[in-house]
Amino acid sequence: MSDTTLKPSRASMSAGKRNWLVTAALFAAAVVGSLVVGEGSLVYEIFVSPFLFVVEAPDLFVQVIWEGLVAGTLYALLGLGFVLIFKASGVFNFAQGIMVVFGALSLVGFYAAGIPAILSLLLSIAMMYVLAWTVERVVLRPLVNQDPLILFMATIGLTYFLIGFGEFIFGGEPKTMITEEIGLPSGSYSFDFMGGFVSLQKLDIAAAVIAAILVGCLAVFFNKTKVGRALRAVADDHQAALSVGITLRQIWVIVWFAAGIVALTTGIMWGARSDVSFALQIVALKALPVIILGGLTSIPGAIIGGLIIGISEKLAEFYWGPLVGGSIESWVPYFIALGFLWFRPQGLFGEKIIDRI
Amino acid sequence: MNTAIAEIQPGKPILAMDHISLSFGGVKAIRDVSFDIRKGEIRAIIGPNGAGKTSLLNVINGFYHPQEGIINYKGAKRNDMKPYVAASQGIARTFQNVALFAGMSTLDNIMSGRMLKMKVALPWHIIRFGPAEREEIEHREFVEQIIDFLEIQAIRRTPVGRLPYGLQKRVELGRALAMEPELLLLDEPMAGMNLEEKEDMSRFVLDVNDQFGTTIALIEHDMGVVMDISDRVIVLDYGQKIADGTPDEVKNNQNVIDAYLGVAH
Amino acid sequence: MFYRETGQFKTSYRTDQAVFPIKQDAIGIWVLLAILFIVVPLTFNDFWLNSIMIPTLIFSLAAIGLNLLLGYAGQISLGTGGFMGVGAYSCYKLTTIFPDVNILIPILLSGFVAAAVGVLFGIPSLRIKGFYLAIATLASQFFLVWAFGRIEWLYNYNPSGAIEVPTRRIFDIAVTGPHATSMTRYLIILSIVVVLTWVASNLVRGRIGRAWMAIRDMDIAAELIGIKLLQTKLTAFAISSYYAGVAGALMVFMWLGAAEVESFDINHSFLILFMVVIGGSGSLIGSFMGAAFIWVLPIFLRSAPDYIGLEIGAATVEHINFMVVGALIIFFLIVEPNGIARLWQIGKEKLRRWPFPY
């Protein structure tokens, strides 16, 4: 027996390294192979042709990246709402998607009722508070300390309820977001870029700026205010937080309210790009790979995860989608997240899962 | 890997740990510990909290793998043994914080200890009657003996999550016994028990050792129990072995007294 | 008073391990089967068979499949809809390639295709746990639905993109397609569901079921007593997907008659998930109760305004329907998080002591 001093650290690290090496080697082999096989073959189309296209038309590449960034910003905002709630209450909040729709719908609805735009906005924010309060009172409080799956199911129930409620009040047909009335810019900047041109929607730039401001505010709120610290305490340990006099109920209302504001912002941005409809609710499922990729409890994770998913799904769709008939955006994000998870089962920024016994 | 397993005679080491070191990142949980466990004995591992006792058990049954040292189990080197391999080679254990299957009944928990002995393939389980059922009944008989032995007939059908702590510990012992282990590792089997429960548990441990000839390594904080039931004791402190010997030898060892009562280092 | 096991002594482990150790239960299940096989076909009209009994049975089967995975093995899956789709499409391919083969064979075989796909997407469960695992099944869900829509070979290049069920006969009796009567289809579905439920109960009572539950309750401890995690989890994925696949094939061939991609979308997966959780995860009876509850409730709600004579527009009814279902789900989770099966169990316990509770 020669393997007497097997080091576990070596064993586990080398497994990771070996995985990467194998992946890299396979990729290199595929590229070389396809160059040998030549143009027109499937390997060539997958491994060489898209990259040649990138070099040929860098302006398109930049445009696609920008589109990805914009989509990524929205995913990140969606993910942010999920993470806020998951961190503070351990609830995997499926209803975040419908909260986005609900927020946007109430804004449009208030304005349609003849209320000035700014006042409508304030009223919508108030609406999100009412929603947060009601959810805490009716759903969360009776279900405290239940299994995470039960809470998850309850938020799906909440989603059903809000879909019905929203359609009952506002009607099921898609609506137009009051973009200009609340002061969002329209139009686009175009500029020449390496022989082509790139066009950036002003609205998208505004969205990115607003998202950044929102994240900044949340960071300050969490790190500098008393409530924010209490919130983090709750996230770490419910019972310990209770024992130092933090009331769980208030924290939950605040956190759901914060997620509601994030949802409203997301709804406005998303609504401005397309229109406000209940179909958005399904798009919100994209937030799942985002937060899982980032690590369920990490706010930076949600942001970076959102951008990774946004950019990679647009790149995949644009460069590889045509090979298989398009619309691969619908599943590519999940596979990307799955790929990341295979190497980091806790997500990029999630706390390491330690098996204890 | 050498898989030839020799039959170990009573009194000969069934397990030998040679200069074992284990660390997590920068934290050294076990430093250069050597000792052996002889077939048929009750070996106690004691030491203050955080001394590395549980880590040591985790190393023995393959849950952690030591960075340095040699583990020799039944005459074969076993450094990177996977937990289920350890289980299949006769190492069973209980846990400090009961690790039962909370949603399953007492009966099912103990039956799950027979998992490795049940061989009938999936297709037979689909129709159940025939080999699958015969096997089930055969193992049920064995499990019922354990239930009788541990005097837990009354809670046979109760989901273990609803049982009081003392009974859970007993069920966990039952699950380990169902594996018919050669080496039984008990992690604080009497923690949190009242005197009566401790007496019961001590009796079970002694009976298991006596009736089935099972080798037992146990971690325990109650010195009275340790001194009463164990053949040899190893004392750990800060991951190092500070004493090893019969209860009497250990009791009078100056290092041990220092470790427990505390001295200025 | 009548429901009591006093005096029923078991003299062998065999009788002790029976599915229904209490005699009244055993009699009850035979009575229930007699009703389902004889009374229901004789008395129920087409609407009841087609809109209530058949879908409830099919969804029960899918729910049992998910329950084996989620309730017994503890692995979350949001991809049941996709696996049902795999069953439906493979059944369609099999029966169009081999039109003369008894249709029951493709239906039962299609489950194996679903099982293979289920195993493939179950592999990540080796490293990924809990909610993180949901991503793997979501990946399968979205990928499969995409594939159903894109791969024309799957729907035989039908310009509408849908699969249409051809008429298939057994002993000259039409069992699928437009000529099959609802009674024939009901009886076939019922037989398949009864057999597969019996199989499921066999599996969960024995070694396999215990290994699953052990992993569900504490996977580390399961590994330490010698359970091979990956193998056990993949078995659960395979068997669960088999059930989903057969349910999907039955859904299209014996109920809907035609299906498009939308029949297998994510909402479908959630529907089945609801049935499992509301019915009671880790309970086979619960799967039936959950399926019946979730399926029948909206039908009842839709027809309720008519009964009490209210004039409400169809759209409004649909909206209120959503609200009520959502609210009821939350209500149920609050009242009994362990599902209807637990209520049933508590009821039985009470009954055993009635009328002299101590």
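This is a predicted model: local features need pLDDT of at least 70, side-chain atom pairs count only at pLDDT 80 or more; totals for chains, interfaces and linings use all residues.
1. The four-stranded sheet. Chain B holds an open sheet of four strands, ordered β2-β1-β4-β5, and its pairing is antiparallel. Its edges are β2 (27–38) and β5 (76–77) of chain B, each of which pairs on one side only.

2. A pairing inside that sheet. β1 (residues 13–24) and β4 (residues 68–73) of chain B run antiparallel to each other and are joined over five bridges. Within this part of the model, B:Ser21 has B:Glu68 in β4(B) as its bridge partner.

3. Helix α1 of chain B, residues 53–60, lies across β1 and β2 of chain B. The angle between α1(B) and β2(B) is about 65°.

4. The six-stranded sheet. Chain B also has an open sheet of six strands in the order β6-β7-β8-β3-β9-β10, with mixed pairing. Here the edge strands are β6 (91–93) and β10 (240–245) of chain B, each pairing on one side only. From one strand to the next, the twist averages 20°.

5. A parallel pair in the six-stranded sheet. Strands β3 (residues 42–46) and β9 (residues 232–237) of chain B pair in the parallel sense, over four bridges. B:Ala44 stands opposite B:Val233, a residue of β9(B). α1(B) packs on this sheet as well, where it touches β3, β6, β7 (183–187), β8 (215–219) and β9 of chain B. Relative to β7(B), the direction of α1(B) makes about 150°.

6. Chain A against chain C. This contact takes 42 residues from chain A and 34 residues from chain C. On the chain A side, the elements giving two or more residues are α7 (148–170), α13 (287–294) and α15 (332–343) of chain A. Of these, α7(A) gives the most, with 15 residues. By class, the chain A side divides into 31 nonpolar, eight polar and three charged residues.

7. Chain C against chain B. Here 24 residues come from chain C and 32 residues from chain B. On the side of chain C that touches chain B, at least two residues each are supplied by α1 (13–16), α7 (182–205), α8 (207–217) and α9 (219–224) of chain C. The element that gives the most to that side is α8(C), with eight residues. That side of chain C has 12 nonpolar, five polar and seven charged residues.

Terms used: Residues are numbered from 1 along each chain as its sequence is written. Chains are lettered from A and ligands numbered from 1 in the order in which they are written. Two strands pair if DSSP finds at least two bridges between them. Two residues are in contact if their C-beta atoms, placed from the backbone, lie within 7 Å. Axes are lines fitted to C-alpha atoms, for helices over the stretch in contact, and angles run from 0 to 180 degrees between N-to-C directions. Ala, Val, Leu, Ile, Met, Phe, Trp, Tyr, Cys and Pro count as nonpolar, Asp, Glu, Lys and Arg as charged, and the others, Gly among them, as polar.
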